[in-house]
Structure formats: structure tokens, C-alpha cells
Amino acid sequence: MFRIGRIPSRRSRARQSDLDGPPPPGCGDRSSRGRAALPIAAALALGAAGCGEAARGAKDVEDPATARRGGRALRDAPIAVIAAELEAMSGPILEGREATFRDILADTIAKDAYLCLPSARRVFHGDAPEGERRIAGVMPHYGLFLGPMRYLMRRRGGAWEVEVRIEVEPPAGAARLELPDCGLSAALGGAVACRGTPYARSGSTDACPGSGVFSTRATPAAIRALLARWSTEAEAYWNRDARAFALPVRYDFDFVVAGEARARGLRVDLSVPLAPTCGRTPYFYAMRAGWSLPVLAHEVGHVLGLLDEYEALSGIVRCYPKTPFPGAEISRMGLSMREETRLLPIHHYLVLRRFFCREPRTTDPYADAIR
């Protein structure tokens, strides 16, 4: 059953001014220029003070690997400190956009059933224990529906590995697959119709701009070629941006035909149909053959528990084009269809921080809401 709206009660509902106030000494400038009016961010800010180590009175949080770390407890860092650390890691790309991404940070964490706030410095450059953990839950989208979040995290050799495996059911009875570009021409030769401007280079904010004609017959060979391309090129956006910000994390996305993963004894994180066209539908409804690689990288972000960073329902009709939150036009989760938009340190932090959290007593992010 879908629920609309939420009144947070699991966490401290500190005033937004606690997050927006002047930075503590040594934390640097955190200007509120360009502030985004996220619908419920003011109520969701987790507030705080301090710099560096967690402030006095910060909540002790059980580390999932506490036993292997000599029983040391992990302490929640003030969210203002986390925001300042992420801004420092991001560099000039966030100048004038800080307030928007502070709101996104607070909003996403407050909607997550994984309840902990490790510092960003600790997540990326600290002494996290080696091991692996599967993350499983749901995240609310637009306040209208809950979408699945499932992936595997591994800490090895002082770096992070994140794996997502998605199996797709080939479309029954489809004659052709719509494609976003000519990218399968090398694999399929003359079997690909290819003319016009690739969707990712159209300059449009429409995920399916119709800027060219790209298609192929919906044969098993074509579907395998499509999934092989997705498996190598969608993760490349994530790895490109992790390297750009010097973050020690590598992503591995694997797309397989339904049944193959289980036949080989492999973990599956999401099972969905393969739709033969392009279209604006939720990621858990179908993976679509006509999505460009940047859009696909965005959709896998949802499987990793990230939320959209644009106005709800924008981009569905031409009279209301895709409208990212002010400042989020640089973000993969804000403008999904652009080659140049980025997965920022905040996005990698939101994915990795769950490694440090207790296992949720429920995966329902609304479990503690006042109904």
C-alpha cells in the first residue's frame, strides 16, 4: 500500500537554521546561496554543531563490524559536519549550490531506514573493517510510492566495491528494440537502423527526445549485446566520477537475462521486464531498451538508494519540462540524460554510509511516522 507524505519522528527534527547557520570554526564557508525549496527538507534537517569528531552528546551507533574492531562504537557525526566535509571533497563545482545539496543530504538520510551518520571522512578515508554487506530496503519516491533498494558492498584493501545485478525478462512478441544511439552497430553490424542525433547528445531534457531513429530486431543476440553494453558502460559514469573526486570506490553493474544468474548461482538484486521502447516509467517497472546510457546510470542510482533531484512530475509532459532543484543541474540525479552531469561525493557517501549502520528493524521508511 502506497502512503503519501511523512512526518519524521525517528530522528531529531532540528530547525533548518541549525544546518544553514554559520560554520563552526575550521569548517569553512557553507553559503546558503541558491537554496532549494525541497518540499520537506526544513522538517528533515538533522541539525547540529561541532567540527571534526562528533559533538558531545552525539548518539553512539552500533557498528555492524564492532566485534572485529575491538568493540569500539561508532558515533554519529553532526550532519552539518558531514555536509562541510562533502563540500570540501567536491571542490568548486558546488560553489553557490551548497544549500541545495545540504537539503538533499538531510532529506535522503531522513527517509532512509538505515540509521547512522558516519562522517564523510571516515567513510572514504577511515579505518572501516574489511568484509561485505548486502543492503536491502525501499526508498520513497515523490511521496507516492516505495522503490526497491538492493546492492552488495564490499570493503577490501582499503577501498570500496559496490555491486548491482539486474536481471531482465526479454519482451515477449516484440519485433524490434528501440535504441538510443548507434552503440550496438559494432556488435550487430548492419542489423541496426542508425540515423539522426543520439539521445544523449540531443540537448533536450527529455529522456526520450526522439532525435533520431535507432533500432534493431529483438533477437536473443541483440538483447545479449544490449545487456553486455549496459554492463560495461553504465558503471563507467559512476567510476569516472569517483576517480574525478579521488574517492576509493569502484562500481560493478551486471545486467543479465532472466534465469541466467540463478542458474549460475549468482545473487540478483532486481528482476524486471525489458521494455522494447524508450519511455518515462519507474525503474522497478521495467528497464527500457531506448534509455540512453546516462539515463540508465541514473536509474541504477535508484537501486542504490538515491532519490531524484528534480521537481516531482516534471518532464512527463512537454509543457512542464524536466526541472532540477536549483543547483542540481550538475547532478546525475538532477539531469539524468546529460553526459556531463556528475555523481558527486554526496551520492557516493549516501550509498556507502549504510555499511556502518545497524540492520534496520524494518525496511519501511515510514515505520515510525505518525499516521
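Helices here are DSSP runs (H or I, at least four residues), numbered from the N terminus.

The model is predicted: local features need pLDDT of at least 70, side-chain atom pairs count only at pLDDT 80 or more, and totals for chains, interfaces and linings use all residues. Residues are numbered from 1 along each chain as its sequence is written, and side-chain values use heavy atoms, with hydrogens and water left out.

I then checked the span of helix 7. Ala-246 follows helix 7 and has a positive phi, near 55°.

Next, which way does helix 7 run relative to helix 9? I found their axes coming within 9 Å and crossing at roughly 75°, with helix 9 covering residues 293-303. That makes the two roughly perpendicular. Axes are lines fitted to C-alpha atoms, for helices over the stretch in contact, and angles run from 0 to 180 degrees between N-to-C directions. Under 35 degrees counts as roughly parallel, over 145 as roughly antiparallel, 65 to 115 as roughly perpendicular, and the rest as oblique.

I listed the contact (heavy atoms within 4.5 Å). Helix 7 gives Arg-229, Trp-230, Glu-233, Ala-234, Tyr-237 and Trp-238; helix 9 gives Leu-293, Pro-294, Leu-296, Ala-297 and Gly-301.

I moved to helix 4 (residues 98-110) and helix 10 (residues 345-352). They pack at about 15°, axes 11 Å apart. Helix 4 is therefore roughly parallel to helix 10. Phe-101, Ile-104, Leu-105, Thr-108 and Ile-109 of helix 4 touch Ile-346, Tyr-349 and Leu-350 of helix 10.

Last, I looked at helix 3 (residues 79-90) against helix 4: about 130°, axes 10 Å apart. The pair is therefore oblique. Ile-79, Ile-82, Ala-83, Leu-86 and Glu-87 of helix 3 meet Glu-98, Arg-102, Leu-105, Ala-106 and Ile-109 of helix 4.
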